[in-house]
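Thank you for making time this morning.

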Amino acid sequence: MTTHSALRVSPRQTSFARIPNHIGVIPDGNRRWAALRGMDKGDGYAYGVQPGFLLYQRLLEYGVREATFYGFTKDNNKRPPRQRSAFTEACVQAVAELANRDANLLVIGNTRSPAFPKELLPYANRRVSFGKGSINVNFLVNYDWLWDLHCARRTGRLASHLIPRVDLLVRWGGRCRLSGFLPVQSVYADIYVIDEYWPDFQPGHLDAALQYYSTCDVTLGG
């Protein structure tokens with residue numbers, strides 16, 4: 001696991017030994033970013049939508065085939081009502097905007113919970129194509145790793161079984177933990193942690209993560 005201030009790496013660095021097929025994204029630090037600016041903590045989520053599309057565009061340019069974004073978890077619902085409303089609205093807004101782009105969308109989460117946004121039910125637990133479907137984009141919405149594993153115990157397959165193994169997991173906000181992000185698919189993921197908060201995303205962050213990934217050996221335990 002590596003943690004860096006990725007701003008030290010030039011965003012013009014675009015030559016990599018290899019590109020991961022599937023990148024996991026934990027866009028952390030929205031609340032801390034807002035608090036530093038004297039805002040309500042919940043205000044930070046709205047500023048996290050457009051960075052996601054800057055990253056999406058960069059992923060397309062580099063030929064990444066799949067990306068999974070952490071929307072919010074079951075545990076996030078313990079936060080104050082205003083924050084819950086804000087991160088739910090941000091997820092709905094992101095999906096609405098993605099519908100006007102090129103992607104194969106899959107939303108994974110517990111739809112039986114009242115915390116799952118009804119606006120996202122048409123995309124829940126199945127893949128829906130927009131435009132040319134240039135990249136698979138997955139959102140974890142009201143996701144819970146225990147729910148995912150219990151589904152496998154009941155049915156013989158994960159609730160998230162449509163999502164393949166994660167090659168590279170990139171987390172913003174400086175914290176070195178999975179926070180329950182797809183524990184099965186992430187079992188052999190290389191993890192790169194960026195100190196900057198998610199609303200301060202810059203394309204050079206991804207370049208730094210890909211540069212790191214290019215230095216990692218891939219043995220999958222062999």
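**A strand and its surroundings**

Let me begin with strand S2, where His22, Gly24 and Ile26 point one way while Ile23 and Val25 point the other way, and all of them are buried. Please keep in mind that what you see is a predicted model. Strand S2 covers residues 22–26, and with five of its five residues buried it is mostly covered.

Now to the partners of this strand. S2 runs parallel to strand S3, residues 66–73, and four bridges join the two; within S3, Ala67 is the bridge partner of Ile23. S2 also pairs with S7, again in the parallel sense and over four bridges, and there Ile26 stands opposite Arg171 of S7.

Which residues touch the most other members of the largest nonpolar core? They are Ile23, Leu55 and Phe139, in a core of 49 residues, and helix H3, residues 81–98, supplies the largest share of this core with eight residues. Apart from it lies another core, of 17 residues, including Ile108, Ile163, Val166 and Leu169. Coming back to Ile23, and leaving aside neighbours within four places in sequence, its contacts include Leu59, Val64, Glu66, Leu168 and Leu210.

Finally, the surface. Trp145, Leu146, Leu149 and Val184 form a nonpolar patch there, with about 310 Å² of accessible area together.

Definitions and conventions:
Residues are numbered from 1 along each chain as its sequence is written. This is a predicted model: local features need pLDDT of at least 70, side-chain atom pairs count only at pLDDT 80 or more; totals for chains, interfaces and linings use all residues. Side-chain values use heavy atoms; hydrogens and water are left out. Patches are made of residues with over 30% relative accessible area and no salt bridge: like charges are joined within 9 Å, nonpolar side chains (Val, Leu, Ile, Met, Phe, Trp, Tyr) within 5 Å. Accessible areas come from the Shrake-Rupley method with a 1.4 Å probe; for residues, only the protein chains shown count as cover. A salt bridge is a side-chain nitrogen of Lys or Arg within 4 Å of a carboxyl oxygen of Asp or Glu. A nonpolar core is a set of buried Ala, Val, Leu, Ile, Met, Phe, Trp, Tyr and Cys residues joined through side-chain atoms within 4.5 Å. Buried means under 20% relative accessible area, exposed over 50%, partly exposed in between (1.4 Å probe, protein chains only). Contact means heavy atoms within 4.5 Å. Two strands pair if DSSP finds at least two bridges between them.
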